[in-house]
Amino acid sequence: AGDLLGQWRMVDSDTRYVSFSGSLTLLRSTTEGEVFGNFQHQGDSLFIQCYSIYGSPVDTAIVEQTFGFRPFGNIRVRIDRLDDDMLVLSKEGVTWDFYKY
C-alpha cells in the first residue's frame with residue numbers, strides 16, 4: 001500500500017473512513033456499513049474496484065452516495081496530495097480530504 005497504508009478519516013466526518021493494506025481497501029461508514037475492494041496506486045492516480053459480498057444495493061449506496069465515489073466497480077480518482085498526514089483525492093471538480101487516523 002506504500003504511502004496509502006493505514007486508516008484515513010474523512011475531514012469533517014466522524015463516520016467515514018478509508019483503509020488501505022496490501023492491495024485491499026475498505027470503505028467504511030460507521031452508520032451505514034462497509035465495502036471492500038482492490039486498489040492500485042499509479043503515479044497521481046488511484047484506481048478502486050469495489051465488491052459487494054452479498055450483492056446488496058446498500059453496498060453501492062455506501063460507495064456512491066455516502067462517499068461520492070462513482071462508479072462502484074471502477075473508481076478512478078486523482079491523488080492531489082499524499083503525505084504522512086493528509087490524503088486529498090479529486091475527480092471532475094469534486095475533492096475528498098482525509099487525514100491519517
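1. Let's start with Ile48: its bridge partner in E6 is Ile75. The two strands involved are E5 (residues 45-51) and E6 (residues 75-82), which pair in the antiparallel sense over 4 bridges. Pairing here means that DSSP finds at least two bridges between the strands. Helices (H or I, at least four residues) and strands (E, at least two) are DSSP runs, numbered from the N terminus. Keep in mind that this is a predicted model, where local features need pLDDT of at least 70, side-chain atom pairs count only at pLDDT 80 or more, and totals for chains, interfaces and linings use all residues. Residues are numbered from 1 along each chain as its sequence is written, and side-chain values use heavy atoms, with hydrogens and water left out.

2. On to the other partner of E6. E6 is joined to strand E7 (residues 86-91) by 4 bridges, and these two run antiparallel. Arg81 has Val88 as its bridge partner in E7. E6 and E7 form a hairpin, with 3 residues between them. As background, side chains in a regular strand alternate between the two faces of the sheet.

3. Now the whole chain. It has 1 helix and 8 strands, and from the N terminus the elements run β-β-β-β-β-α-β-β-β. The radius of gyration is 12 Å, close to the 13 Å that the globule rule gives for 101 residues, so the chain is as compact as a globular protein of that length. That radius is taken over C-alpha atoms, and the globule rule is 2.2 Å times the number of residues to the power 0.38. The C-alpha atoms fill a box of roughly 35 × 30 × 25 Å along the principal axes.

4. How much of the chain is buried? Of the 101 residues, 37% count as buried. Buried means under 20% relative accessible area, exposed over 50%, and partly exposed in between (1.4 Å probe, protein chains only). The chain exposes about 5600 Å², and carbon and sulfur atoms supply 48% of it. Those areas come from the Shrake-Rupley method with a 1.4 Å probe; for residues, only the protein chains shown count as cover.

5. Arg9 deserves a look. It is found in strand E1 (residues 6-10) and is buried, with a relative accessible area of 13%. Leaving aside neighbours within four places in sequence, Arg9 is in contact (heavy atoms within 4.5 Å) with Asp14, Arg16, Tyr17, Asp97, Phe98, Tyr99 and Tyr101.

6. Next, Gln65, which is found in helix H1 (residues 57-67). At 61% relative accessibility Gln65 counts as exposed. Again leaving aside neighbours within four places in sequence, Gln65 is in contact with Thr60 and Arg70. The peptide bond from Arg70 to Pro71 is cis, with omega near -15 degrees, and Pro71 is in the loop between H1 and E6.

7. Two backbone angles to check. Asp12, in the loop between E1 and strand E2 (16-21), has phi near 65 degrees, a positive value in a residue other than glycine. Asp12 counts as exposed at 78% relative accessibility. Glu92 is not a glycine, yet has a positive phi of about 50 degrees. The place of Glu92 is in the loop between E7 and strand E8 (94-100), and Glu92 is exposed, with a relative accessible area of 76%.
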